[in-house]
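Dear colleague,

I am handing over the structure below, followed by my notes on it. Please read the notes with the model open beside them.

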Amino acid sequence: MDALTSPLVSIRDLTIDATTTRGEAHILRGLSLDIGRGRILGVVGESGSGKSTLALALLRLLPANVSRASGQILLDGTNLLALNASEMGAYRGTRIAMIFQDPMTALNPLFTVGSHLTDVLRRREPGIARQQALQRAESMLTLVGIADPALRLNAYPHQLSGGMRQRIMIAMALLVQPDLLIADEPTTALDATVEAQIVELFSELRTKFSGSVVFISHHLGLVAELCDDICVMYGGVIVESGPVDDVLARPKHPYTRALLDCEIDDKGEGRLVSIPGEVPDPVSQLTACVFLPRCAHVAELCRGGQPRLAPVSPHHSSACVRAQEVLV
Ligand SMILES: Nc1ncnc2c1ncn2[C@@H]1O[C@H](COP(=O)(O)OP(=O)(O)O)[C@@H](O)[C@H]1O
Ligand SMILES: [Mg+2]
């Protein structure tokens, strides 16, 4: 494979454990996943599936109690997990950028919007003149749909609405011109109207941003709308992955099927429907399929251990031993 057709990121057997008072938590249990160049990958799964930990691992911003981070995260062939802290620092905010769920965690209340944006530019282009940086910041604000951009440059984060702060975060991320942009539930903290506007902005970005995107959401509808590929996580495991149209039209894992059923009920009835049962406890060992306690299709084989993610068609993989049998 040449550089253009090979994936931007190849994650191999990514395993993250953390020490807790109840014992070792197995947060990511050996994930393998590719992120294609210029592709938008949606990562879905209920709360507690390990989505945010995957995002933090990509940035190597893992919590202090992490006791093991093994496997590989290859960005253009460089294993991010093997870099020292200063080498990794050089990737963050230049080649990889992140948009958090709550913009206030990433915005400093003491600095204006203008200084946030020009700081980002200066990191990328250390010699840039102040006036030029401000001009670029202003046109980026226009691009992300902020009215009166010149005025907003002088505003402080607390003077802006939640939706506007999220637009600022997106502007900061785009100024980085990263190869990989990670957005962790960027619309969850917003009300429905503003959420729709931000989703609209993300879909417009397609034409303005050529890097790869990891879009994390627990909302399948959003992922269907925005993403090219999808990866379904459950209990620290990837249970299904592939092109979004294929996976959502022909799900090959009972968990994906269950998520889709919730979404359909939710739309029809206007209430929040959830899958019966609970997500697995990360402290427990995996001795059978991770989804077994909540699965309606359990066979003897499922008790033997967690099945590997295996192809069901050329680009579509499932970690269910009964994928071809019960989910047709
Ligand atoms: N630093 C940590 N120490 C112990 N457990 C953690 C830590 N971070 C996350 N977890 C646990 O790992 C699981 C996955 O968390 P997270 O990655 O935040 O999932 P998601 O973003 O899908 O909700 C959850 O059960 C969470 O409680
Ligand atoms: Mg999360």
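The buried residues of helix α7 are V194, I198, V199, L201, F202 and L205, where buried means under 20% relative accessible area, exposed over 50% and partly exposed in between (1.4 Å probe, protein chains only). They lie on the same side of α7, because they cover an arc of only 155° around the axis; the arc is that of the directions from the helix axis to the C-beta atoms. An α-helix has 3.6 residues a turn, so residues three or four places apart point the same way. The face turned away from the buried side of α7 carries the exposed residues A192 and T193.

Helix α7 covers residues 192-205, and its 14 residues should span 20 Å at 1.5 Å a residue, which agrees with the 20 Å between its end C-alpha atoms. The expected span is 1.5 Å times one less than the number of residues. Helices (H or I, at least four residues) and strands (E, at least two) are DSSP runs, numbered from the N terminus.

This is a predicted model, in which local features need pLDDT of at least 70 and side-chain atom pairs pLDDT 80 or more, while totals for chains, interfaces and linings use all residues. Residues are numbered from 1 along each chain as its sequence is written, chains are lettered from A and ligands numbered from 1 in the order in which they are written, and side-chain values use heavy atoms, with hydrogens and water left out.

T188 sits in the loop between β7 (180-184) and α7. At 35% relative accessibility, T188 counts as partly exposed. T188 and D102 are 86 residues apart in sequence, and their C-alpha atoms are 8.4 Å apart in space.

Next, the ligand. Of the 14 residues around ligand 1 (a heavy atom within 4 Å), G48, K51, S52, T53 and N65 come nearest. The shell divides into four nonpolar, eight polar and two charged residues. Helix α1 (51-59) and strand β1 (9-20) each supply at least two residues of it, and α1 gives the largest share, three residues. A polar side-chain atom of T53 lies 2.6 Å from an oxygen atom of ligand 1. A polar backbone atom of G50 is 3.1 Å from an oxygen atom of the ligand.

S10, in strand β1, is buried, with a relative accessible area of 12%. The side chains of S10 and D34 are joined by a polar contact of 3.1 Å (N or O atoms within 3.5 Å, one able to donate a hydrogen and the other to accept it; residues adjacent in sequence count only if both atoms are side-chain atoms).

Regards

Notes. Nonpolar A, V, L, I, M, F, W, Y, C, P; charged D, E, K, R; others polar.
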